[in-house]
Amino acid sequence: MVSWRPDVLGEKYEQTTLELEPDAQGEVVATLVRRTRSLWQRLAASVRPLSDVDVLYVHGWADYFFQTELAELWEQLGARFHALDLRKYGRSLREHQTPGFISDLATYDEDIDAALEVMGHAPDAGNGRRLIVMAHSTGGLTMSLWAHRHPGRVAALVLNSPWLEFQIGGVGREVLTPMLELGARISPLRSLPQVDFGFYTRTISNRFEGEWEIDPRWRPDQGAATHSAWLAAVFAGQRRVATGLSIDAPVLVLLSSRSTIQRTWSEQMRSSDIVLNVDEVAQRVPQLGSCVTLVRLDGALHDVLLSAKPVREKAKGEIHRWLGGYGRKPKSGDAD
């Protein structure tokens, strides 16, 4: 029996803890958050275009779900919205754990499967509802690999600045990989040099110059420490993308039109991706599957939907437009 309780985001949100198999650090859980609905909201949703859709959102590195405006976007289309705080992140982080640490991205399959079972999307559920997955940054890499390994599970995939390639490109990644893999074997929890100077938090948090209320316990101002084994796992995932995936659902990728990656503050950081090299990522997008749409937005931040309001409204419009074709409810007689 699933037990839901009030979430930190307020009366419209509930959460449930997903018990997972312990690892070397002890107890492990994930947390599923859902947006609640009144009877009137359920009735209104039943006549909207995505009334038969459930959405699962997965966050990025050193992050958690707090984007209520994103949840409202999907709810306005009639979809039921859920978000997953993966193990060792956000609501799922426990005191005995190394934040975000993992040595194989496929380990998240357990988190994802547990969430989908609660949502009614276990492999044999047959509930007649479609599943759309939305994911950001490292979550975008994780869910791309998951969708590739699990054909037929998703109706569509929406990726918000997915971390499909390392910032210095595939050649640089391959040069660094042997050293990282050695470090992962010898000292998997060895911390890597800090590369987050807090500039991104400055652009998004309302404690500084941004719009959004963000809990620094769950999204530290300068990110979280990274480790050899974790980055080796990311590199392994990016290498797999570089060889070509075969995601069997339509994919929408949202990216900023430009990057500003540097060690000193610049006003350009308010209107560009300061985390990823978006041009390197864009080169990998066609390798996700056979039906992929790339949208690049001028002025977008790393999390496109945390950008300035005119930019994120344009991003929402692009999502609506794309869903108008690939997100519509299949009609009887449509080709498989």
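I take buried to mean under 20% relative accessible area, exposed over 50% and partly exposed in between, with a 1.4 Å probe and protein chains only. The model is predicted, so I kept to local features with pLDDT of at least 70 and to side-chain atom pairs at pLDDT 80 or more, while totals for chains, interfaces and linings use all residues. Residues are numbered from 1 along each chain as its sequence is written, and side-chain values use heavy atoms, with hydrogens and water left out.

**Entry 1: positive phi**

I looked up serine 161, which has a positive phi of about 50° although it is not a glycine. Serine 161 sits in the loop between strand E7 (156-160) and helix H5 (169-186), where helices (H or I, at least four residues) and strands (E, at least two) are DSSP runs numbered from the N terminus. Its relative accessible area is 0%, so serine 161 counts as buried. Alanine 62 also has a positive phi, near 50°, and belongs to the loop between strand E4 (53-58) and H2; with a relative accessible area of 6%, alanine 62 is buried.

**Entry 2: H2 against H9**

I then turned to helix H2 (residues 68-76) and helix H9 (residues 309-326), which pack at an angle of about 30° with their axes 12 Å apart. The axes are lines fitted to C-alpha atoms, for helices over the stretch in contact, and the angles run from 0 to 180 degrees between N-to-C directions. H2 and H9 are therefore roughly parallel to each other, given that angles under 35 degrees count as roughly parallel, over 145 as roughly antiparallel, 65 to 115 as roughly perpendicular and the rest as oblique. I noted the contact (heavy atoms within 4.5 Å) as made by Glu69, Leu73 and Trp74 of H2 and by Arg312, Lys316, Ile319, His320 and Leu323 of H9.

**Entry 3: salt bridges**

I found 31 salt bridges in the structure, each a side-chain nitrogen of Lys or Arg within 4 Å of a carboxyl oxygen of Asp or Glu. One of them joins aspartate 7 to arginine 91, with the closest N and O atoms 2.7 Å apart. Aspartate 7 lies in strand E1 (residues 5-7) and arginine 91 in the loop between strand E5 (80-85) and helix H3 (109-119), so the pair ties together parts 84 residues apart in sequence. Both aspartate 7 and arginine 91 are buried. Aspartate 298 and arginine 258 meet in another salt bridge (2.8 Å, N to O); here aspartate 298 counts as exposed at 56% relative accessibility, whereas arginine 258 is partly exposed at 32%.
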